[in-house]
Every structure is written in C-alpha cells, then in structure tokens.
Amino acid sequence: MTTGNFRVGHGYDIHRIVAGRPLVLGGVRFAVDYGLEGHSDADCLTHAICDALLGAAGLPDIGHFFPNTDPAWKNIDSQVLLRRVAAELKTRRLSPVNIDATVIAEKPTLQPQIAAMKVALAHSAGLPVEAVGIKATTHEGVGELGRGAAIAAHAVVLIEKF
C-alpha cells in the first residue's frame, strides 16, 4: 500500500490593531474602522497559512519570500502571496491537502465571515472549500490579545508530494 509523502507544517502570525487601515482576515474585508498594522494588507490568518505551507515544504518563512523591506509588497493583497506560495510548492511537486486555522481576536466577531474566508483561502490555495477549517476564539481578556490590541492566527497544514 502506498501512503504518499505527507508533510505537516505550522504557522503563526500576529499584528497590532491600528486605526485607519482596512481589516482583512482570510482574504475578507471587515466593515470596521480599524485594521492591522503591517507592510502588506497585514492579513495575519493568510500569513500564518503561508508560513505553515512553507514550513511543511522545508522552505524559509514568508519574510524570506516577501520581505517587508521590498516596496513591491507594500499593501499587497495577501491572497496574492498565498497563491505564490502554492505555486512555489507546485514547482517542488508538493500540493496542499488541507488547512486548519484558528484566529484569536477579541473583536470583531468573526463567525459571520468564516464561510467567505474559507472560500477565499480555498481558492488561493487551490483546495476545495471543505478542505479548509477556520475557528475563531478570544483570548479571554488576557494579555495584549485579550485587551484587543492585536489579532493573531495559528495554522496547521498537510501537504503531499505528487
């Protein structure tokens, strides 16, 4: 029996909440008056997924491929980055099997947008929507995340050699 060459990766990202920027998580823009600080669109969920995919492939992190010192990546849509990461894996004969992620945010309420986030991420990663899991939780008032000063995300992925 052939089981394939499977690899697991984990990614994490966190960004501070700031006024005057759009909030984008999982490729979905939220209708709020604050966003996340960062060089790109600061989509910490998508960044965590990119790092998980790159890690599973044994590659350097997202900052290596898309450095925040390069003006080419300024305010870029992170779904573009995810598509490029998926393409990079494909050149190595690797493909995502599934994504499982957790967003940690005191605000806004994420539940109404999770389905749209799954669609956007699945499209960018080249997966069926049912292969993307997203959960939302709070930090129960503990630390910077709990005070609503930042939003963070963890992602775990499975990839396969083809």
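## Helix H4 and its surroundings

Author: The buried residues of H4 pack against strand S2 (23-25), strand S3 (28-30), H1, H3, S5 and S6. This is a predicted model, in which local features need pLDDT of at least 70 and side-chain atom pairs count only at pLDDT 80 or more, whereas totals for chains, interfaces and linings use all residues. Residues are numbered from 1 along each chain as its sequence is written, and side-chain values use heavy atoms, with hydrogens and water left out. Helices (H or I, at least four residues) and strands (E, at least two) are DSSP runs, numbered from the N terminus. Packing rests on contact, that is, heavy atoms within 4.5 Å. Buried stands for under 20% relative accessible area, exposed for over 50%, and partly exposed for values in between (1.4 Å probe, protein chains only).

The residues of H4 that are buried are Ile114, Met117, Ala120, Leu121, Ala122, Ser124 and Ala125. The expected span is taken as 1.5 Å times one less than the number of residues.

Just after H4, glycine 126 adopts a positive phi of about 75°. Glutamate 130 then lies in the loop between H4 and S6. Glutamate 130 counts as exposed because its relative accessibility is 69%. From glutamate 130 to valine 157 there are 27 residues along the chain, and their C-alpha atoms are separated by 14 Å.

Leucine 25 is in contact with Phe30, Leu36, Asp43, Cys44, Leu45, Leu110, Met117 and Ile151, once its neighbours within four places in sequence are set aside. Of these, Met117 is one of the buried residues of H4, and Cys44 and Leu45 are among those of H1. Leu25 also has a place in the largest nonpolar core, which has 47 residues and in which Leu25, Leu45 and Ile151 have the most contacts. Such a core is a set of buried Ala, Val, Leu, Ile, Met, Phe, Trp, Tyr and Cys residues joined through side-chain atoms within 4.5 Å. H1 gives the most to this core, with 9 residues. In soluble globular proteins, nonpolar side chains tend to be buried together.

H1 is itself mostly covered, with 12 of its 13 residues buried. These are Cys44, Leu45, Thr46, His47, Ala48, Ile49, Cys50, Asp51, Ala52, Leu53, Leu54 and Ala56. From its first C-alpha to its last, H1 reaches 18 Å, close to the 18 Å expected at 1.5 Å a residue. Within H1, histidine 47 counts as buried because its relative accessible area is 7%. Not counting residues up to four places away in sequence, histidine 47 touches Asp13, His15, Ser40, Asp41, Ala42, Ile62, Ser78 and Leu81. Just after H1, glycine 58 has a positive phi of about 75°.

Arginine 84 is partly exposed because its relative accessible area is 47%. Beyond four places in sequence, the contacts of arginine 84 are Phe66 and Trp73. Arginine 84 and isoleucine 114 are 30 residues apart in sequence and 23 Å apart in space, C-alpha to C-alpha.

Two further loops show backbone features of note. Most residues other than glycine have a negative phi, and most peptide bonds are trans. In the loop between H3 and S5, arginine 93 has a phi near 60°, a positive value in a residue other than glycine. Arginine 93 counts as partly exposed, since its relative accessibility is 45%. Glutamate 140, in the loop between strand S6 (132-137) and helix H5 (143-146), likewise is not a glycine and has a positive phi of about 55°. Glutamate 140 counts as exposed because its relative accessible area is 67%.
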